[in-house]
Amino acid sequence: MRESRLWFLFVLAGACMIVLLGAHLFVMHLETFMGYLGITIHEPLAYAEVMARAKSVSWLVIYMALLILALYHGLYGVRSVLLETINMKHHSTVTAVIVIVGLIAAVFGSYIVIQSYMMGGL
Amino acid sequence: MRYNNRLGAKGWVIGGNYSIERYLYILHRVSGLALIFYLMCHLILTSFRIAGAPTWEAAMAFVSGPFFKVGEFLVMCAGVYHAINGLRLIIIELGYCIGKPERQEYPYTPSIKKQRPLMYLLMLVVAALVAVSVVDFFIM
Amino acid sequence: MERKTIVFKIQRYAPNQDKEPYFKSYEVPVEQGMTILECLWYIKENLDSTISFRSSCRMGICGSCAMFIQGRPRLACETQTLELKSSTIEIKPLPNYDIIKDLVVDQRNLFRNHKKVKPYIISEKATSNPTKEYIQSVAQLEQYLQFNYCLKCGCCLAACPTMATDTNFLGPQALAQAFRYNTDSRDRAGNARFQIVDTFEGIWRCHMAGACSDACPKGVDPAMAIQLLKRHSIFGSRKEYSDYAGPLPKNRRPDIPDAPAPTVKGARTNGRGNGKGKKGRR
């Protein structure tokens, strides 16, 4: 694939993450601030809360989307850094390593998300 | 014998007296690498939820000290900076806010100067969000 | 007139004697109006004849005397010594090139990359005996004119952070020239050039640090050229192509005087045409 297509996907993933990851960060870390905005968040890291989020379909979709977008965006960025430092004549080896790492992380992450969704449903 | 004068990775940081965008570039790169490293750790840590409540509580207790609190704050800062500066990069890399090709008169106003108002505006947003995080993390 | 003695710290390296570059200081009496290049010539003529540097036109046209002056790549001939407002001035060869001797760097990488992007007009008509000149409007000219002023001095490659590590990267100079020829209304090889620059070693190694445009002594603005190449590779470019000049209008405007009589006997008297540019797609 032409590099421009890969790069455009990278930028699209980044743009989506500004919204999605922004929401995720604010919910998980800025409880007090969100309280002022009228959104009360209680102990976002308590086990009951975590599993309650896990069983909701909308959080499932958000988590899966975040996982895929973040892995693609992040690993494309790592590939850029590697290509600029390793100086190979062809990019295929670097790209292959990055794709393998990405696939492992994606499979592992989606297993966790789906497994906890099913557990929460019980 | 030629002397190889390529600056290497240190040239990303200290290349010379250039304008601020070159330092934003390396900060963007460092924050991005930090975030992908954090994402991998985050994936492993949050996977403990499927092992049941006690394991989850133990994992959360492990990362609850002041060291991890500061780490969490740094991740927040890296995320905020990377997101907002990334927005600026998307805008200018797609050719907006950098002006059009035109006849140049000395002193030149290249693209990097034309996007500077946008850069200052977005850096103010970063500063505001980091300030909110400081208040929320350490004061509230 | 302002006079001042200024210490020049100059990086020296002789390939057969030195393992590492080192600094040597020279004191130069500087008068107002003296450029860095004139100071270097003063040193070579009066203090140390072994010092090497490139220079030619001494008026910012040839691009030979680019060097790293006070932490920035600049043309020595276009830098006023007293305007640097410092009693010691540090001069190094351009970074990101191999040093041949002292301030002389090996620019082969620059020229090799410049050649890679086909920096010339490619058009089926131009290669088969052209019969007339092309017509290009002022607006079409200004699309690329800024990038046409590139001297190939190599300041942008010295400033580029990607160049600091990446030996495959085409570099800001070559990419700006790819843009210059892609936007030229006479050129029709945009796709061929995108095959070269839309790669992992082309425009996508640029992350808009902007140092190239910051350093360019001619206002060429390679960073803008690269961002516009990115834009065109994503959204496509709507480019106007220009064609051969049309035939002369039959009825000449009355306010235009006759051409002077030809000075060479038997010379053809075909004048300029008045054809308009044709619109087309890349």
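A polar contact here is a pair of N or O atoms within 3.5 Å; within protein, one must be able to donate a hydrogen and the other to accept it. Keep that handy for the second exercise, and remember that this is a predicted model.

**Exercise 1: the sheet in chain C**

Work out which strands of the five-stranded open sheet in chain C stand at the edges, and what lies across the sheet strands.

*Solution.* 
1. Write down the strand order, which is 2-1-5-3-4 in chain C, with mixed pairing.
2. Strand 2 (22–31) and strand 4 (72–75) of chain C each have a single partner strand, so one side of each has no neighbour in the sheet. Those are your edges.
3. On average, neighbouring strands of this sheet are turned by 35 degrees against each other, direction ignored.
4. Now zoom in on one pair: strand 3 (residues 66–69) and strand 5 (residues 88–92) of chain C run antiparallel, with two bridges between them. C:F68 has C:K92 in strand 5 as its bridge partner.

**Exercise 2: where chain C meets chain A**

Describe the contact between chain C and chain A, from its extent to its polar links.

*Solution.* 
1. Count residues: 17 from chain C touch 15 from chain A.
2. Take the buried area, about 1500 Å², with carbon and sulfur atoms giving 52%.
3. Tally the polar links: 10 residue pairs are in polar contact, and there are two salt bridges.
4. One of the salt bridges joins C:D198 to A:R2, with the closest N and O atoms 3.8 Å apart.
5. On chain C's side, helix 8 (190–197) and helix 10 (222–235) are the elements giving two or more residues.
6. Sort that side by class: five nonpolar, nine polar and three charged residues.

Terms used: Residues are numbered from 1 along each chain as its sequence is written. Chains are lettered from A and ligands numbered from 1 in the order in which they are written. This is a predicted model: local features need pLDDT of at least 70, side-chain atom pairs count only at pLDDT 80 or more; totals for chains, interfaces and linings use all residues. Side-chain values use heavy atoms; hydrogens and water are left out. Two strands pair if DSSP finds at least two bridges between them. Helices (H or I, at least four residues) and strands (E, at least two) are DSSP runs, numbered from the N terminus. Axes are lines fitted to C-alpha atoms, for helices over the stretch in contact, and angles run from 0 to 180 degrees between N-to-C directions. Contact means heavy atoms within 4.5 Å. Buried area is the accessible area (1.4 Å probe) that two parts lose on being put together, summed over both. A salt bridge is a side-chain nitrogen of Lys or Arg within 4 Å of a carboxyl oxygen of Asp or Glu. A polar contact is a pair of N or O atoms within 3.5 Å; within protein, one must be able to donate a hydrogen and the other to accept it, and residues adjacent in sequence count only if both atoms are side-chain atoms. Ala, Val, Leu, Ile, Met, Phe, Trp, Tyr, Cys and Pro count as nonpolar, Asp, Glu, Lys and Arg as charged, and the others, Gly among them, as polar.
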